[in-house]
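User: I would like to learn how to read strand pairing in a model. Please take me through it feature by feature.

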Amino acid sequence: AHKTSAGGHDYITGLQRDDAGRWYFASGNQGICRTSTDGQSVEVLGTGLRNPNGLGVSPNGSVVLSSVQEGNWTPASAICDISLGGHFGMGGPKEGERGYVPPLLYLPRGVDHSSGAQAYIDSDQWGPVRGDWVHFSMGAATHFLVLREVIDGQSQAAAISLPGEFASGAHRGRFSPYDGHLYVAGSQGWANYGVKDGSLQRVRFTGGNSPYPI
């Protein structure tokens, strides 16, 4: 139902499921894909993403985010909002697509030079920022709070560095339905600032004062 190629960066990454039971994954060749609940069909939600490394999905599937890596056709690492569909630039304009859709947010070199996935904050343990997003940086081995908004049909966002660093490049994170904490998996890789080959770490919201924009 989906195409792959022999390209060196045409990975299939990320695996998320919404409350309706639909599965989502990112294909470096085909785009961001959603599988039907019966597993019989795959819908391409967005194209033109350079080496998407995972994705994040809101519980009802209405918001889908993914990240791209700096390089050809992509001036900087970025978070893309796939929710409205369209083509995000890699390879140039595509006939029949929604044209070039700018990213939700650019993350320039020095901030995040190789992006990981995103996680929707659905944990009551993280009460003050519940409903926002966490973005993971593989290159910088860190994470960001992402504040998304839609104005006149165009998504935009701000990213705020969260305290702490991971032992290796942060790729994936999930909020546990049992304790509400964030668990982050990482690995070593390209131009990575991490000090370990791999890691599995827990992030806990501990309260206190931590000013951030809204």
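User: How many residues lie between β2 and β3 in their hairpin?

Analyst: Strands of a sheet pair through backbone hydrogen bonds, either parallel or antiparallel. Here three residues lie between β2 and β3 in the hairpin. The pairing of β2 with strand β3 (residues 31-35) is antiparallel and has five bridges, and Phe25 is placed opposite Cys33 of β3. Strands here are DSSP runs of E with at least two residues, numbered from the N terminus, and two of them pair if DSSP finds at least two bridges between them. This is a predicted model, in which local features need pLDDT of at least 70 and side-chain atom pairs count only at pLDDT 80 or more, while totals for chains, interfaces and linings use all residues. Residues are numbered from 1 along each chain as its sequence is written, and side-chain values use heavy atoms, with hydrogens and water left out.

User: Which residue of β2 is the bridge partner of Arg17?

Analyst: Trp23 is the bridge partner of Arg17. Strand β1 (residues 12-17) runs antiparallel to β2 and is joined to it by four bridges. The hairpin of β1 and β2 has five residues between the strands, and Gly21 in this hairpin has a positive phi near 90°.

User: Why is β2 described as largely enclosed?

Analyst: In a regular strand the side chains alternate between the two faces of the sheet. In strand β2 (residues 23-27), four of the five residues are buried, so the rest of the structure largely encloses this strand. Buried means under 20% relative accessible area, with a 1.4 Å probe and protein chains only.

User: What is the strand order in the open sheet of four strands?

Analyst: The order is β5-β6-β7-β8, and the pairing is antiparallel. β5 (55-57) and β8 (105-107) are at the edges with a single partner strand each, so one side of each has no neighbour in the sheet. On average, neighbouring strands of this sheet are turned by 15° against each other, direction ignored; the axes are lines fitted to C-alpha atoms, and angles run from 0 to 180 degrees between N-to-C directions. Within the sheet, strand β6 (residues 64-68) pairs antiparallel with strand β7 (residues 77-81) over four bridges, and Leu65 is opposite Asp81 of β7.

User: Which strands are at the edges of the open sheet of three strands?

Analyst: The order is β13-β14-β15, with antiparallel pairing. β13 (169-175) and β15 (198-203) are the edge strands, each pairing on one side only. Neighbouring strands here are turned by 20° on average, direction ignored. Strand β14 (residues 182-187) runs antiparallel to β15, joined by six bridges, with Tyr183 opposite Arg202 of β15.

Technical notes
Buried means under 20% relative accessible area, exposed over 50%, partly exposed in between (1.4 Å probe, protein chains only).
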